[in-house]
Amino acid sequence: MLLALTQQLLLIPTFLHFWSSDTLAAWLALYAAGSLVVVADSGLQLRAINRFLAFKACVDCEGRTANFYARMMRLYLGIVVGLGVLLVAGTELFPPATVLGFHNTESFDIAMIVITVGTLLALPANLVSGLYRVRGKYSRAVWSQNVALLVGQIGQFIAVAWLGSLLAVATTYVATQILFALFLIVYDAPRQLPFLKRGRAVASRSWQWNAGQFRLALPFAVANLTEIALANAPMLLVSAMVADRVAVAQWGLIRVISSFVRGICIQMTLPIGAELGHDFAIGDKVRLRGLYAYGSLFITAMASLIVGGLLPFWSDFFALWTHGSIPNDAVLTMTLLMGSAVVAPSLMALSFANHSNRGDLLVRTKGVQLAVFLILSAVLIPRLGPLGAAIAVVASDLLTQFGILTLVIVRQTLVHPIRHMLLLIAIMTAIMLGGWGLGLAIRGVVPGAGLLRFLAECTIWLVVVAIAASPLLMERVRGRVLAAVPN
């Protein structure tokens with residue numbers, strides 16, 4: 001999470017030092033396109049995770065896991081080759097610079113090929129990451145990815161300072177991802193899980209089996225496609241529909257932070273979702289209910305706390321972040337940040353649905369959400385610009401993922417779903433408004449201007465919040481709080 005933060009907070013001011021706002025907007029569009037390529041996974045990672053969990057109850061657990069892993073890896077490699085060719089051909093037929101409005105940006109089309117095909121080449125690492133999650137080795141994948149992100153960020157800094165080229169930055173960004181994938185697939189997985197070597201000899205090729213995996217992964221594909229589309233497609237839609245490049249850069253920067261909040265919540269749900277999937281598989285309803293209720297409360301509280309701290313200091317932060325070269329839009333900021341907090345409980349429901357094989361529910365909910373988002377985007381972006389995209393994102397989240405998926409999951413899982421939802425709403429409102437009000441009060445009394453004033457404001461806010469939360473360090477207090485959570 002810290003490295004994802006430095007990717008934006010530290011590198012974007014650096015980019016603005018060497019680039020214009022138009023070039024920064026081009027980079028944000030490339031970054032979104034690279035992130036969007038992850039939909040090529042087609043839900044296969046979550047399909048594989050559910051199968052790996054199911055194999056734990058089989059007689060020959062390691063043998064079946066090895067065979068399934070080998071066949072899935074062949075399927076992933078086929079996806080990489082096939083889609084890689086299509087991406088290159090599509091870029092030649094429909095130049096991205098023309099479609100997205102970056103005609104004057106040098107090497108934009110080549111950089112688009114590099115960042116999309118490069119991200120695609122790293123895709124098979126998803127299978128290893130999924131297996132590590134089931135086998136209790138997920139930290140190895142995370143730490144390897146951390147090293148790759150850190151090296152990639154250092155490389156991007158050197159590339160923009162030394163060469164100043166968009167293509168050089170894009171190449172550096174994807175090169176470390178490819179090396180990370182090779183490390184996991186070729187070196188680490190065979191050493192950590194030696195039984196995987198058994199699958200190489202017995203895995204057979206079957207077009208019928210491959211088609212069956214896509215069919216069974218379809219619910220997860222729809223869910224992932226919608227999540228990734230909501231995070232990255234708005235940047236491309238705004239680039240294509242809004243002529244003002246400064247407005248495009250403004251949207252991209254604000255969206256980066258709201259996506260970061262959402263990403264933090266999703267990362268926190270991953271280990272909880274895996275535990276919930278295990279409890280669901282073995283039928284331990286008592287532990288399942290307690291863990292879901294506590295997990296949902298934790299994710300909601302963290303998202304509300306982050307947003308409550310961002311809102312009062314956002315204008316100062318944005319001016320420092322962009323060196324004052326890009327104006328801030330307060331309405332757009334509030335829409336995206338508050339929307340990312342409100343949707344937090346639904347991310348816990350989404351993670352549990354993914355790990356409990358709720359295929360039909362995922363297809364219905366996420367399919368409707370994607371359709372709502374695209375319709376609202378087509379209607380609102382030409383009229384309202386970036387604000388229309390923000391409304392489309394938040395409205396599609398609230399109407400479908402929260403209004404359908406979360407309510408169904410909570411009703412099926414908990415004994416007192418209404419009491420639980422009312423508690424989440426109360427906690428969200430109290431923390432967000434409390435943090436916002438505290439920040440406004442601090443801004444009113446801290447003198448000065450610039451970076452020192454901003455750092456002083458943030459420090460005071462963090463100290464006050466830490467003191468207010470310190471009773472939770474006592475086990476007796478924590479026990480009482482958890483006992484009050486309806487599950």
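This report describes selected helices, salt bridges and surface features of a predicted model.

## Basis of the values

The model is predicted, and local features need pLDDT of at least 70, side-chain atom pairs count only at pLDDT 80 or more, and totals for chains, interfaces and linings use all residues. Residues are numbered from 1 along each chain as its sequence is written, and side-chain values use heavy atoms, with hydrogens and water left out.

Helices here are DSSP runs of H or I with at least four residues, numbered from the N terminus. Helix H10 covers residues 166-192, and its 27 residues should span 39 Å at 1.5 Å a residue, which agrees with the 38 Å between its end C-alpha atoms; the expected span is 1.5 Å times one less than the number of residues. At the start of H10, a side-chain oxygen of serine 165 comes to within 3.1 Å of the backbone nitrogen of leucine 167. Further along, H10 has a kink of about 35 degrees centred on leucine 184, where the bend is the angle between axes fitted to the seven residues ending at a residue and the seven starting there.

Helix H17 (residues 359-384) has 26 residues, which should span 38 Å, and its end C-alpha atoms lie 35 Å apart, in agreement with that expectation. H17 bends by about 30 degrees at serine 377, and this serine is among the buried residues of the helix, which also include Leu370, Phe373, Leu380 and Ile381. Buried means under 20% relative accessible area, exposed means over 50%, and partly exposed lies in between, with a 1.4 Å probe and protein chains only.

## Salt bridges

A salt bridge is counted when a side-chain nitrogen of Lys or Arg lies within 4 Å of a carboxyl oxygen of Asp or Glu. By this rule the count comes to seven salt bridges. One of them joins the side chains of arginine 140 and aspartate 188, at 2.7 Å from N to O. This pair links distant parts of the chain, since arginine 140 is in helix H9 and aspartate 188 is in helix H10, 48 residues apart. Arginine 140 counts as partly exposed because its relative accessibility is 32%, whereas aspartate 188 is buried, with a relative accessible area of 0%.

Arginine 262 forms a salt bridge with aspartate 397, and the closest N and O atoms are 2.8 Å apart. Arginine 262 lies in helix H13 (residues 245-282) and aspartate 397 in helix H18 (residues 386-413), so the pair ties together parts that are 135 residues apart in sequence. Arginine 262 is buried at 8% relative accessible area, and aspartate 397 is buried at 3%. Aspartate 279 and arginine 287 also meet in a salt bridge, at 2.5 Å from N to O; here aspartate 279 is buried at 2% relative accessibility, while arginine 287 is partly exposed at 39%.

Tryptophan 162 is found in helix H9 (residues 138-162), and it counts as exposed because its relative accessibility is 69%. Together with Leu150, Ile154, Phe157, Ile158 and Leu163, Trp162 makes a nonpolar surface patch of about 680 Å². Patches are made of residues with over 30% relative accessible area and no salt bridge, with like charges joined within 9 Å and nonpolar side chains (Val, Leu, Ile, Met, Phe, Trp, Tyr) within 5 Å.

Tryptophan 461, by contrast, is buried, with a relative accessible area of 7%, and it is found in helix H20 (residues 450-469). Tryptophan 461 and alanine 441 are 20 residues apart in sequence, and their C-alpha atoms are 9.7 Å apart in space.

How values were computed: Accessible areas come from the Shrake-Rupley method with a 1.4 Å probe; for residues, only the protein chains shown count as cover. Helices (H or I, at least four residues) and strands (E, at least two) are DSSP runs, numbered from the N terminus. A polar contact is a pair of N or O atoms within 3.5 Å; within protein, one must be able to donate a hydrogen and the other to accept it, and residues adjacent in sequence count only if both atoms are side-chain atoms.
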